Amino acid sequence: MTPEQLIDQFNLQPHPEGGFFNQTYISKEKIEKAHLPERFPGDRPFSTAIYFLLVENNFSAFHRIKSDEIWHFYTGGGLYVHVIGPEGKYELIKLGAQLKAGEVFQAVVPAGCWFASECAPGTAFSLVGCTVAPGFDFADFELAGKEELSVLYPEHKTLISRLTRQ
């Protein structure tokens, strides 16, 4: 399939961080704010899930959310997920089907980490899924500013500069 066919097939829409997405699941049950950590400003669904498509020469800009996010590889080529933990530790997650090359089908980005993604070299597109628990809400989404993030993590300034939009 081509990226255009996937966009049509799954009704994918542009995502504010880059790429295309469609929310495929939102649990009907909610966790009340009183039973969530203080970082959540309101009730949240138990879980949410999306399809996420990224194409070559585009990227998902550094951002963070207040929940853990599980990434699942579906089709296309490999996807690099760059993660910077709150204390500055960097991790590269390689999602994909090339297990002997260190790619994995599934990985977790912990809550509060800054992360960005891009297609692996030589990859035309990558279709993945993301499951978030407690469920995703745009109130929990923070897009990184290039300058602010570079001041916090100067050792990653080159990567931050390449994978931020503002």
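The largest pocket of this predicted model has a volume of about 220 Å³, where a pocket is an open set of points on a 1 Å grid over the protein atoms alone, reached by a 1.4 Å probe and with protein on both sides within 12 Å along at least five of seven lines, and where the volume is the space filled by probe spheres set on the points, which are joined across faces, edges and corners. The pocket is lined by 17 residues, of which His-15, Ile-50, Glu-69, Val-132 and Phe-136 are the closest to its centre; a lining residue has an atom within 4 Å of a point. Strand 2 (20–26), strand 5, strand 7 and strand 12 each supply at least two residues of this lining, and strand 5 gives the most, with 3 residues. Strands here are DSSP runs of E of at least two residues, and helices are runs of H or I of at least four, both numbered from the N terminus.

Because the model is predicted, local features need pLDDT of at least 70 and side-chain atom pairs count only at pLDDT 80 or more, whereas totals for chains, interfaces and linings use all residues. Residues are numbered from 1 along each chain as its sequence is written, and side-chain values use heavy atoms, with hydrogens and water left out.

Two of the strands that line the pocket, strand 7 and strand 12, pair in the antiparallel sense over 8 bridges, a pair being assigned if DSSP finds at least two bridges between two strands. Within this pairing, Ile-70 stands opposite Thr-131 in strand 12. Strand 7 is also joined to strand 10 by 4 bridges, again in an antiparallel arrangement, and His-72 stands opposite Gln-106 in strand 10.

An open sheet is formed by 5 strands in the order 9-8-11-6-13, with antiparallel pairing. Its edge strands, each of which pairs on one side only, are strand 9 (90–95) and strand 13 (142–143). Within the sheet, strand 8 (residues 79–84) and strand 11 (residues 114–119) pair over 6 bridges, and Val-81 stands opposite Ser-117 in strand 11. Ser-117 is buried, with a relative accessible area of 1%, buried meaning under 20%, exposed over 50% and partly exposed in between, for a 1.4 Å probe and protein chains only. Not counting residues up to four places away in sequence, Ser-117 touches Phe-52, Leu-54, Phe-59, Ser-60, Trp-71, Leu-79, Tyr-80 and Val-81, contact being taken as heavy atoms within 4.5 Å.

Val-81 also belongs to the largest nonpolar core, which has 18 residues and in which Trp-71, Val-81, Leu-95 and Val-109 have the most contacts. A nonpolar core is a set of buried Ala, Val, Leu, Ile, Met, Phe, Trp, Tyr and Cys residues joined through side-chain atoms within 4.5 Å. At least two residues of this core are supplied by each of strand 5 (48–55), strand 7 (68–76), strand 8, strand 9, strand 10 (106–109), strand 11 and strand 12 (125–133). Another core, of 12 residues, lies apart from it and includes Phe-59, Ala-61, Ala-144 and Ile-160. Ile-160 is also touched by Ser-150, as is Lys-157, again not counting residues up to four places away in sequence; Ser-150 lies in helix 2 (residues 146–152) and is buried, at 9% relative accessible area.

The count of salt bridges comes to 4, each defined by a side-chain nitrogen of Lys or Arg within 4 Å of a carboxyl oxygen of Asp or Glu. Asp-137 forms one with Arg-44, the closest N and O atoms being 3.7 Å apart. This pair links the loop between strand 12 and strand 13, which holds Asp-137, to strand 4 (residues 44–45), which holds Arg-44, across 93 residues. Asp-137 counts as partly exposed at 30% relative accessibility, whereas Arg-44 counts as buried at 3%. Arg-44, Asp-137 and Asp-140 are linked in a network of salt bridges.

Glu-142 forms a salt bridge with Arg-64, with the closest N and O atoms 2.9 Å apart; Glu-142 lies in strand 13 and Arg-64 in strand 6 (residues 59–64), 78 residues apart. Both partners are partly exposed, Glu-142 at 36% and Arg-64 at 28%. In a further salt bridge, the closest N and O atoms of Glu-118 and Arg-162 are 2.6 Å apart, and the pair links strand 11 to helix 3 (residues 157–162) over 44 residues. Glu-118 is buried, with a relative accessible area of 13%, whereas Arg-162 is partly exposed at 44%.
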